[in-house]
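Please open the model in your viewer and keep the selection tool at hand.

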Amino acid sequence: MTVKHCVRPRKLLLVAALAAAGLLSVGCAAQDAQDASNPAGVHVRTTKNPHGFRGSDIQPYPLPSATFTETSGRPWRFATDARKPVTLLFFGYTNCPDVCSTVMADVAAALRRVDAGTRDKIQVVFVTTDPKRDTPRVIREYLDRFDPSFVGLTAPPDVILKSARQLGVGITDASPLPGGGYEIGHGAQVYGFGPDGKARVVWLEGTPVADFKHDFEKLVTGGADER
């Protein structure tokens, strides 16, 4: 599996790979969907979404079923705690050098542009890929920089890895940095789940804020129900 640690993907190469393989390989990570660490892959039906979304069209992945720990310290499950009609899910870590902060900032910017009624129906969930360093307090402080309403979750490494794999999000082992510390390669896609708890659209890192805004509004108004 090839994983690039927090390096922005080249859009043209990505599109070429999608066309050739029919699979989505993205992120702080470019990942081989056939690799054992990513058995599910992310099956992209077409890069031009036939349902009006500007993000890519995917098979309807379900929300993770594991139990996580929310930044307040309480147990958190998507089935019982993701109560808003639309859930936006991203896997990342607070020490990510650029991609994670860029994605979170773009999602937050798009949410500031939708009307209050739409915003109230959307919940953003950030799952750390670095539970060793990302304590609940660290995650909370990080997310508050973007939007205090963002939910931050952690869990034991095996729980996080399994949940990510179920969505085709690759996560690599820690890679030491020359100056000390380490970095973690991971998929940087954002998943959009509709009211039925199924992912209906995925956005790559680098998605314009205007495209996020358009698709968030469409998810809230039931655009994903056209399938």
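In this predicted model, the lining of the second largest pocket consists of 8 nonpolar, 3 polar and 5 charged residues. To find the pocket, select Thr129, Pro157, Ile171, Thr172 and Asp173, which lie nearest its centre among the 16 lining residues. Next, colour helix α6, residues 157-166. This helix supplies 5 residues, the largest share of the lining of the second largest pocket. The volume of the second largest pocket is about 290 Å³.

How many cavities of 30 Å³ or more does the structure hold? There is 1, and the volume of the largest cavity is about 40 Å³. To display its surroundings, select Val103, Asp106, Val190, Trp203, Leu204, Glu205, Gly206, Thr207 and Phe212, which line the largest cavity. By class, the lining of the largest cavity comprises 5 nonpolar, 2 polar and 2 charged residues.

The aromatic residues form the next part of the tour. The structure holds 10 aromatic pairs. Trp76 and Phe78 are both buried.

Why is the pair of Trp203 and Phe216 edge-to-face? The ring planes stand at 90 degrees, with the centres 5.4 Å apart, so the pair is edge-to-face; the angle exceeds the cut-off, which is over 60 degrees for this class. Show the secondary structure as well: Trp203 belongs to strand β11 (residues 199-203) and Phe216 to helix α7 (residues 209-220), so the pair ties together parts that are 13 residues apart in sequence. Are these two residues, Trp203 and Phe216, buried or exposed? Both Trp203 and Phe216 are buried.

For a group of rings, select Phe90, Phe126, Tyr142 and Phe146, which form one aromatic cluster.

Select Arg133 together with Tyr182: Arg133 lies over the face of the Tyr182 ring, at 3.6 Å from the ring centre. Then select Lys218 with Phe53. Here the charged end of Lys218 sits over the ring of Phe53, 5.9 Å from the centre of that ring.

Methods
Residues numbered from 1 in each chain as written. Predicted model: local features only at pLDDT ≥ 70, side-chain atom pairs only at ≥ 80, totals over all residues. Heavy atoms only, no water. Phe/Tyr/Trp six-rings, centres within 6.5 Å; stacked < 30°, edge-to-face > 60°. Buried < 20%, exposed > 50% of the residue type's maximum accessible area, 1.4 Å probe, protein only. Helix = DSSP H or I, 4+ residues; strand = E, 2+ residues; numbered from the N terminus. Lys NZ or Arg CZ within 6 Å of the ring centre and 35° of its normal. 1 Å grid on protein atoms, 1.4 Å probe; cavity = no way out; pocket = protein on both sides within 12 Å on 5 of 7 lines; lining within 4 Å. Points joined across faces, edges and corners; volume = space filled by probe spheres on them. Nonpolar A, V, L, I, M, F, W, Y, C, P; charged D, E, K, R; others polar.
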